[in-house]
Amino acid sequence: RRSSGPEAIEQIWTGDGAHCSHWHPLFVPPPLPLNEEQRLKVLREQEILDTADEEQFDSLALLAKKAFQADSALISLVDGSRAWFKARVGFSAREVHRDIAFCSHALLQEDLEPFVVLDAAEDDRFRFNQLTTGPEAIAFYAGAPLLVHRDGTQYVIGCLSICDRAPRDAFPPTEAAYLAVLASAVVREMELRPRRPAIDQEGVAERVMMLENFFARSNIHVEPSLIQIIAQKAEPRVVQSEHFVTRRGDPGDSMYFLSRGSCSCTLNGRELERLPAGACFGELAIMNMCRMRAANVNEKTIQKRCVRSADVRARERCELLQVSFRDAWPLLHKYPVFWKLLEAISDTRMQRISRFSDDSSDQAEHGVKDSRGSAESFSEASAAPALPEVSSSTNGPDTRVSKSPQGPDSGEAT
C-alpha cells in the first residue's frame, strides 16, 4: 500500500494487519523523548514550522557550513512525524521522516551537549539508515540542540547540524562548543521573530459566524470543526466603498472570503467578474502556490510567479476574511480535506463566472468577457504550469466537505 504527500513513506502490511515503515529490516528508529507532548507544544508555540526562508537563519546555516568546512548545514525542527528544515545549505530535501533524521537522536541527549557521529557506517544506530546509504549519504554528523526555556525547563525543539559525506577522525570539544554557540544564536533569532497575538476567542466566534454566512450564501456545506480551524487563521478586513482590496501586481499570496458587500474585478477599467457576498477569490492562487510548494519550488520563485493580474475594488462597504498562504499551507498539511474545500470553492466560483458572462445585459453594461476561462485568468494570480497535486487523504478531525446543489438564489449580484 502506498500513501502520498510530502511526508509519505512506502508502507507494507505485517501479518497481524498493522502498518510498519518500509525501512531496512535491521534499522531501529529512535524512541520518543519522555517529554514529547510538552516539547511539541513548545515547538508549535514558536509558529515557525512551514514558514518561508528567512535571511537570518540562512546566514547562520551558511556560517556553520563554512566555519566547520562541512558539506552541508541544517537548521532542523523535529515535529511529530518529520524533521523540517528551516534553513539548509548543501542539502536538497526540505524535510525527512522523523524516524531516519539524525537530529531525532539529539532529542534524547541527557546532557544537552552536541550529538556527534564520526562515522555513521560504523555506528549501529545509523549503518542501516536510509540517509546513510542513500544518494546524499551522510557519514559524519554533529548537531547542537536548539534549547528553548519554559518554566525552568529546557526543551529541545531541533538542531543546528553539520554533515559530511566522509567520516571524520574527531570533533574536538572546542568545535562542539562553538557549534552550541551558533545554535543559541538560532534560538535567539526564533525568539525575536514577530508572533501572532494570542487567539481572541470572541474574535474567533465572530469570524466563525462570518464564515458560516459565507458558506451558506455559496451553498457549500462545511463541517463546523473545519470552519473553526479556518476562523482561527483568518484575519478580518473592512474595505470601504470604491477602495481597492488588491491591485494588479500585488503578491497573490492570500485568498479572501467576502462575507458582506460586493466587489468588482477589473482590468484597465473593464469589469471582468462580479463578486457578491458569499464569493471567494484568490483560492486558485493559493492552490497553485501549494502545488509549487509540494513540488519543492523555492519560496522566491513561488512569490515571483504568483502576482495579481487585475484589480479587485469594493462596490460598497465590504467585510472580508483574509487567509494567507503562510497559514493555508500548514492548514493543508495538517488537514488535507482543506484541499477539497478549495476545489469546491473554485467550482462554485467558476459556475458564477459562467452565469455572469452569459448575462447579455451585464455584458452590454460592463463589457464582460464571454469566456469563463478569460475571466478566471485575470481575477487570479498568474498561474504556474500544473504541478503535482497535494494529497487529499483525510486526516485530523472529522472535517467533511460537500458542495450543495446550486439553487437559483445563490447570492449572485444582479
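Mentor: Let's start with a term we will need: two strands count as paired when DSSP finds at least two bridges between them. Keep in mind that this is a predicted model.

Trainee: Thanks! How many helices and strands does the protein chain have?

Mentor: The protein chain has 13 helices and 18 strands. We will look at one sheet.

Trainee: What holds the strands of a sheet together?

Mentor: In general, strands of a sheet pair through backbone hydrogen bonds, and the pairing is either parallel or antiparallel. Here six strands make an open sheet, in the order β5-β4-β3-β8-β7-β6, with antiparallel pairing.

Trainee: Which strands stand at the edges?

Mentor: Those are β5 (95-97) and β6 (115-117). Each has a single partner strand, so one of its sides has no neighbour in the sheet. From one strand to the next, the twist averages 25°.

Trainee: How many bridges join β7 to β8?

Mentor: Eleven bridges join these antiparallel strands.

Trainee: How many bridges join β6 to β7?

Mentor: There are three, and β6 and β7 also run antiparallel. Here V116 stands opposite A142 in β7.

Trainee: What about the other neighbour of β8, strand β3: over how many bridges do they pair?

Mentor: Strand β3 (residues 72-78) and strand β8 (residues 153-164) pair over six bridges, in the antiparallel sense. I75 stands opposite L160 in β8.

Trainee: Which helix packs on the sheet?

Mentor: Helix α5 (residues 173-192) does, and it touches β3, β7 (140-150) and β8. The direction of α5 makes about 45° with that of β7.

Trainee: Is β7 mostly covered or mostly open?

Mentor: For this we need a cut-off: a residue is buried if its relative accessible area is under 20%. By that rule eight of the eleven residues of β7 are buried, which leaves the strand mostly covered. For the protein chain, 49% of its 414 residues count as buried.

Trainee: How do I think about the side chains along a strand?

Mentor: In a regular strand, side chains alternate between the two faces of the sheet.

Conventions. Residues numbered from 1 in each chain as written. Predicted model: local features only at pLDDT ≥ 70, side-chain atom pairs only at ≥ 80, totals over all residues. Heavy atoms only, no water. Helix = DSSP H or I, 4+ residues; strand = E, 2+ residues; numbered from the N terminus. Axes fitted to C-alpha atoms, helices over the stretch in contact; angles between N-to-C directions. Contact = heavy atoms within 4.5 Å. Buried < 20%, exposed > 50% of the residue type's maximum accessible area, 1.4 Å probe, protein only.
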